[in-house]
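Take each task first, then walk through the solution one step at a time.

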Amino acid sequence: KSTENQAKKPVLKVGTEPSFAPFEFQDETSKDYTGFDMDLIRAIGKELGSEVQIQSMGFDALIPALASGNIDIIISGMTINPERAQKVSFTKPYYQSGLTIIVRADNTAIKGFEDLPGKRLAAQIGTTGAEEGKKITDTTVREFNSPAEAFMELKAGGVDAVINDRPVNDYYLKTSGTKDVKQVGNPLTAEEYGIATAKNNTELAAKIDKALEALKKNGEYDKIYEKWFGK
Ligand code: GLN
């Protein structure tokens with residue numbers, strides 16, 4: 001064994017879909033992946049003594065990539081749900097989220113989820129927002145590669161509402177303004193984000209849970225949280 005190999009850190013291959021600010025997105029100047037999830041997984045990598053390598057892919061490609069061994073973990077604002085838990089092992093929840101609706105600013109007909117039957121909806125492909133939309137009667141749900149594309153279609157008038165995660169909608173309104181669109185409705189569901197490992201890799205999920213616990217104890221988690229969401 002060479003000294004070079006001994007010095008090399010193990011690599012943690014991380015899959016994410018980076019169009020989900022403030023959780024994962026590309027910094028415009030540095031082009032680095034940045035956001036709450038990115039800071040968190042780098043801090044977890046440090047705890048584990050691993051080098052974190054981020055790979056970008058479509059949201060609906062993440063679980064297949066984990067199953068085929070192309071990546072070791074997913075961190076991508078991914079909601080823990082029973083359907084996914086059959087295919088992957090989730091860590092303990094690391095963030096509380098939920099779904100809300102974005103409509104055009106001049107829309108007075110849609111005030112909440114109860115007003116969505118019969119409407120044309122949009123969501124990001126493979127997300128809980130898309131799934132919830134499909135459960136509503138008489139709707140069409142168009143699935144886009146990113147929330148940004150769904151918002152564009154909303155502004156263009158092609159759909160009546162976008163169902164998407166509340167913190168991402170909050171950030172979108174904060175950064176793009178409220179001239180054209182607004183957020184309505186109480187969060188439909190309480191959702192919790194988890195980090196996913198391959199189904200049989202419960203060992204890695206347990207290690208990440210331990211690292212998360214350490215980051216919560218030493219204040220690092222709170223620092224990252226405040227950086228992206230304030231106090
Ligand atoms: N939390 C939602 C889900 O898990 C959306 C995630 C995302 O678009 N990155 O389906």
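Predicted model: local features only at pLDDT ≥ 70, side-chain atom pairs only at ≥ 80, totals over all residues.

**Exercise 1.** Find how many residue pairs are in polar contact across the interface of domain 1 and domain 2, and describe that interface.

*Solution.* 
- Step 1: Count the polar contacts. Two residue pairs meet the rule across the interface, both at pLDDT 80 or more.
- Step 2: Between domain 1 and domain 2 the count is zero.
- Step 3: Describe the surface. The two domains bury about 1100 Å² between them, and 62% of that is on carbon and sulfur atoms.

**Exercise 2.** Work out why E191 has no salt bridge, and find its polar partners.

*Solution.* 
- Step 1: Locate the residue. E191 sits in strand β13, which covers residues 190-193.
- Step 2: Check the distance. E191 is buried, and the nearest side chain of opposite charge, R84, is 6.3 Å away.
- Step 3: Find the polar partners. The E191 side chain makes a polar contact with the side chain of T128 at 3.1 Å, and another of 3.2 Å joins it to the side chain of T189.
- Step 4: Widen the view. Leaving aside neighbours within four places in sequence, E191 is in contact with residues including T79, Y95, L99 and D165.

**Exercise 3.** Now do likewise for E17: which side chains does it join in polar contact?

*Solution.* 
- Step 1: Locate the residue. E17 lies in the loop between β1 (11-16) and β2 (19-20).
- Step 2: E17 is buried without one, and R84, the nearest side chain of opposite charge, is 11 Å away.
- Step 3: Name the partners. Polar contacts join the side chain of E17 to those of S19, at 2.8 Å, and Q124, at 2.7 Å.
- Step 4: Look further along the chain. Beyond four places in sequence, the contacts of E17 include M57, F59, L62 and N145.

**Exercise 4.** Which residues of helix α7 are buried?

*Solution.* 
- Step 1: Go to residues 166-176, where P167, V168, N169, Y172 and L173 are the buried ones.
- Step 2: Recall a helix rule. An α-helix has 3.6 residues a turn, so residues three or four places apart point the same way.
- Step 3: Look just past the end of α7. There, G177 takes a positive phi of about 90°.

Key
Residues numbered from 1 in each chain as written. Heavy atoms only, no water. Helix = DSSP H or I, 4+ residues; strand = E, 2+ residues; numbered from the N terminus. Buried < 20%, exposed > 50% of the residue type's maximum accessible area, 1.4 Å probe, protein only. Lys, Arg positive; Asp, Glu negative; His and termini not counted. Salt bridge = Lys/Arg side-chain N within 4 Å of Asp/Glu carboxyl O. Polar contact = N/O pair within 3.5 Å; in protein donor to acceptor, adjacent residues only side chain to side chain. Contact = heavy atoms within 4.5 Å. Buried area = accessible area lost by both parts, 1.4 Å probe.
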